[in-house]
Amino acid sequence: MTRRLARLRPLLTAVLVVAILAGVWWTVRGQDWSVARPLVTGHAVPYLLAAAGCNIVALLCAMRSWASTLADLGHRLPNLAAARIYFVGVLAKYVPGRVWVVVTQARLAADAGVPGTATVAAFLLNVVVMLLTGLVVGALAGPAVLGDRGWWLLAPAALVVALLAWPGVVGRLAAVGARLVRRDLPAVGTGTATRAAVGWQLACWLVSGLHLWLLLMALGAPPGPALVAGVGGFALATVLSTLVVVVPDGAVVREVLIAVALVGLLPATGAGAAAIASRAVCLLTELAVAGAVLLGARLARRRHPDRPPTPLP
């Protein structure tokens, strides 16, 4: 059975690559790029470059959050190994259904000796951290999107505080969940790395929102209000669109929610331009970072051909 799977790996990899490319194409095809023309000017270039830089930093923060969660389950990976597993897996989000992300990560993590149970647990726990912290940061845009009901976005803050105060609970819950599906986690950490995971994810949301803030300023929005709307609006729109698993990476849904968060800050056309430009910046930086990581992993493999592709420390 193992040999048969090994033979099928190249075919399965090719199918996944085609599915990812199809998802990216669908995401791009579903957008009205014409509204972003105001940002295709010489004046906007510095803002676009700075926005791309912010999103790259945010992606690295997100990777460290996931790696910290995995470390708390007993598997601390080198940075390049963790980046390879995480960023290639992230590209699978362009295939409808979040299951493909964890399937891809589990396939790559297995080469590093990480059992599938730990990879799945890290993915699920990281999703919880991502959603909770995203809602906390998204509370900044709560009044603009939800009106008087925006206050409920503060509720996840209590859970985030609980995670920071009692991080060991996360590992114990993961162990209970593993036993329910008749699996065992090889190790459960003390929770120290879980605190790091929460911190890295909060940093991810704050830094990633800066890219939208820069785009808003390029469109003439006042810096102060644009900062609140950009950081909070991007976090809230991303979290809510993540729950719509039937479309690749919440395509169109996220753009609509961002535009709603920007109501009152820019005219409808400007809000639409910022939302579409945000999608372009995120897509291009994700592809660029994943490509750079794969290239780095390949170069490292050539320098040390006898090492496994993703060795454990």
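This is a predicted model: local features need pLDDT of at least 70, side-chain atom pairs count only at pLDDT 80 or more; totals for chains, interfaces and linings use all residues.
A search of the whole structure finds 0 disulfides, a disulfide being a pair of cysteine sulfur atoms within 2.5 Å. In general terms, such a link is a covalent bond between the sulfur atoms of two cysteines. C204 is in no disulfide, and the nearest cysteine sulfur, that of C61, is 6.3 Å away. C204 is also buried, at 8% relative accessibility, where buried means under 20% relative accessible area, exposed over 50% and partly exposed in between, computed with a 1.4 Å probe on protein chains only. C54 is buried as well, with a relative accessible area of 17%.

Residues are numbered from 1 along each chain as its sequence is written, and side-chain values use heavy atoms, with hydrogens and water left out.

Turning to the overall fold, the protein contains 12 helices and 0 strands. Both kinds of element are DSSP runs numbered from the N terminus, with helices (H or I) of at least four residues and strands (E) of at least two. Along the sequence the pattern reads α-α-α-α-α-α-α-α-α-α-α-α. Of the 313 residues in the protein, 47% are buried.

The UniProt record, an unreviewed entry, places the feature "transmembrane region" at residues 46-67, 123-145, 151-175, 196-220, 226-247, 256-277 and 283-300. UniProt positions are given here in the numbering of the model, feature names are shortened, and annotations may be inferred rather than shown by experiment. Two of these spans can be set side by side. Residues 46-67 are 100% helix and 0% strand, and their end C-alpha atoms lie 32 Å apart. Residues 256-277 are 73% helix and 0% strand, with the end C-alpha atoms 13 Å apart.

The second largest pocket holds about 600 Å³ of space. For this analysis, a 1 Å grid was laid over the protein atoms alone; a pocket is an open set of points with protein on both sides within 12 Å along at least five of seven lines, whereas a cavity is a set of points where a 1.4 Å probe fits but cannot get out, and lining residues have an atom within 4 Å of a point. Grid points are joined across faces, edges and corners, and the volume is the space filled by probe spheres set on the points. The second largest pocket is lined by 29 residues, and Y86, K93, R98, M130 and T238 are the closest to its centre. Two or more lining residues come from each of α2 (45-71), α3 (79-91), α4 (99-110), α5 (116-138), α9 (192-218), α10 (223-242) and α12 (268-303). By class, the lining comprises 17 nonpolar, 7 polar and 5 charged residues; Ala, Val, Leu, Ile, Met, Phe, Trp, Tyr, Cys and Pro count as nonpolar, Asp, Glu, Lys and Arg as charged, and the others, Gly among them, as polar.

E286 is buried, with a relative accessible area of 8%. G291 also has its place in helix α12, but G291 is partly exposed, at 37%. The C-alpha atoms of G291 and F87 are 8.9 Å apart in space, although 204 residues separate the two in sequence.

A polar atom of the T104 side chain lies 2.8 Å from the backbone oxygen of W100. Q105, also in helix α4, is buried at 2% relative accessibility. Its C-alpha atom is separated by 8.5 Å from that of V120, 15 residues apart along the chain.

Two further residues have a relative accessibility of 0%: H211 and A82. H211 is found in helix α9, and its C-alpha lies 8.2 Å from that of V281, at a sequence separation of 70 residues. A82 is found in helix α3; A82 and L70 are 12 residues apart in sequence and 9.4 Å apart in space, C-alpha to C-alpha.

Notes
A polar contact is a pair of N or O atoms within 3.5 Å; within protein, one must be able to donate a hydrogen and the other to accept it, and residues adjacent in sequence count only if both atoms are side-chain atoms.
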